[in-house]
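Reader: Hi, I'm new to this one. Can you put it up and walk me through it?

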Amino acid sequence: IGQSEHVELDNATIHLPPASKLLLCSDGLWTVVPTATMLDIIATSSNPQDACEKLVAAANANGGPDNITAVLVQLPG
């Protein structure tokens with residue numbers, strides 16, 4: 001992470017409700033796929049892996065100008 005030897009981290013504690021989903025992604029996804037599209041893909045996918053594959057495909061379909069990384073964490077319900 002970062003390009004220098006000294007990296008400053010920001011951190012926060014957020015309590016999420018049961019069955020929440022948390023998307024961790026790179027700007028290759030975030031800046032290419034509209035938020036509404038990402039939410040729709042996540043809501044309609046059968047599981048987190050399927051959602052990530054569809055998110056990456058959507059970014060590639062929109063030009064995919066950068067590296068694309070997506071990790072979807074689904075908390076227990």
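Author: Start with the pocket lining. Strand β1 (21–25) and helix α2 each give at least two residues to the lining of the largest pocket. Helices (H or I, at least four residues) and strands (E, at least two) are DSSP runs, numbered from the N terminus. The model is predicted: local features need pLDDT of at least 70, side-chain atom pairs count only at pLDDT 80 or more, and totals for chains, interfaces and linings use all residues. Residues are numbered from 1 along each chain as its sequence is written, and side-chain values use heavy atoms, leaving out hydrogens and water.

Reader: Which residues line the largest pocket?

Author: K21, L23, L24, C25, W30, T35, M38, L39 and I42.

Reader: How do they divide into nonpolar, polar and charged?

Author: Seven are nonpolar, one is polar and one is charged. Ala, Val, Leu, Ile, Met, Phe, Trp, Tyr, Cys and Pro count as nonpolar, Asp, Glu, Lys and Arg as charged, and the others, Gly among them, as polar.

Reader: New topic. What pattern does the chain follow along the sequence?

Author: The pattern reads β-α-α-α-β. That is three helices and two strands.

Reader: At what angle do α2 and α3 cross?

Author: Roughly 150 degrees, where the axes of α2 (residues 35–44) and α3 (residues 48–61) come within 9 Å. Axes are lines fitted to C-alpha atoms, for helices over the stretch in contact, and angles run from 0 to 180 degrees between N-to-C directions. So α2 is roughly antiparallel (over 145 degrees) to α3.

Reader: Which residues make the contact?

Author: M38, I41 and I42 of α2 meet A51, K54, L55 and A58 of α3. Contact means heavy atoms within 4.5 Å.

Notes. Parallel < 35°, antiparallel > 145°, perpendicular 65-115°, else oblique. 1 Å grid on protein atoms, 1.4 Å probe; cavity = no way out; pocket = protein on both sides within 12 Å on 5 of 7 lines; lining within 4 Å.
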